[in-house]
Amino acid sequence: MPIETNTIEQMITYLEDDYLKNIAGFFWQGFNNAALYCFTNDVALDKAMKWADQSISMSKNFSNLSTKSLLLRKMGKEAEANKLIDEAKPLANEVSMNAYGYSLLYTLKDTDAAIKVFEKNVKDYPKSWNVYDSYAEALAVKGKKKDAIKNYEKALSMAPDTQKQRIQGLIKNLKS
């Protein structure tokens, strides 16, 4: 006997009726996490926008501003999204900007926008192997193999030993 359940709907109910009414609701992160869940799963975007706004009202930072920007993009409001992310960029660090780039690349499938974000991260953090790795990944998705290889090689030259085999494998795959 098959059992059917709507886990997304159950999760939204949980977020509203439990998660945000407990300890998570006292901090900006809880509302931002709820909004990100909706963004990632492309559900309840109106609720997500309210949660993003609630998070921002509690503590304006790159994480929640970028979440709202991503939601706006998903809702087709490019101009508003761009204006908001421009406001948020001065608040970003390497890791948060990278996470934003990956949301653009894989969730929104906006490779060109992701490349710009990763390119900015390379300029802002030129001593970080990870920014070259992320930039190379986006370039590879775009089909720019030569540029991807160049950036993977730069990442490889700086990467910790735990990452070298993975990067070498990516370079090898791009060259074949």
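**A nonpolar surface patch and the helical core**

Colleague: Which residues form a nonpolar patch on the surface?

Modeller: In this predicted model, Ile23, Phe26 and Phe27 form that patch, and together they have about 370 Å² of accessible area.

Colleague: Where does isoleucine 23 lie?

Modeller: Isoleucine 23 is in the loop that runs between helix 1 (7–17) and helix 2 (28–41).

Colleague: Is isoleucine 23 buried or exposed, and why?

Modeller: Isoleucine 23 counts as exposed because its relative accessible area is 62%, and exposed means over 50%.

Colleague: Turning to the fold, how many helices and strands does the chain have?

Modeller: The chain has 10 helices and 0 strands. Buried residues account for 42% of its 176 residues.

Colleague: Which residues have the most contacts inside the largest nonpolar core?

Modeller: They are Trp51, Phe62, Leu71, Tyr100, Leu104 and Ile167, in a core of 51 residues. Helix 8 gives the most to this core, with 7 residues.

Colleague: What does leucine 104 touch?

Modeller: Leaving aside residues up to four places away in sequence, leucine 104 touches Leu70, Arg73, Lys109, Asp110, Ala113, Ala114 and Val117.

Colleague: And helix 9: which of its residues are buried?

Modeller: Ala148, Ile149, Asn151, Tyr152, Ala155 and Leu156 are the buried residues of helix 9. Their cover includes helix 8 (129–142) and helix 10 (161–175).

Colleague: What should the 14 residues of helix 9 span?

Modeller: At 1.5 Å a residue, helix 9 (residues 145–158) should span 20 Å. Its end C-alpha atoms are 20 Å apart, so the two values agree.

Terms used
Residues numbered from 1 in each chain as written. Predicted model: local features only at pLDDT ≥ 70, side-chain atom pairs only at ≥ 80, totals over all residues. Heavy atoms only, no water. Patch = residues over 30% accessible without salt bridge, like charges linked within 9 Å, V, L, I, M, F, W, Y side chains within 5 Å. Areas by Shrake-Rupley, 256 points an atom, 1.4 Å probe, with all protein chains shown as cover. Salt bridge = Lys/Arg side-chain N within 4 Å of Asp/Glu carboxyl O. Helix = DSSP H or I, 4+ residues; strand = E, 2+ residues; numbered from the N terminus. Buried < 20%, exposed > 50% of the residue type's maximum accessible area, 1.4 Å probe, protein only. Expected span 1.5 Å × (residues − 1). Contact = heavy atoms within 4.5 Å. Core = buried A, V, L, I, M, F, W, Y, C linked by side-chain atoms within 4.5 Å.
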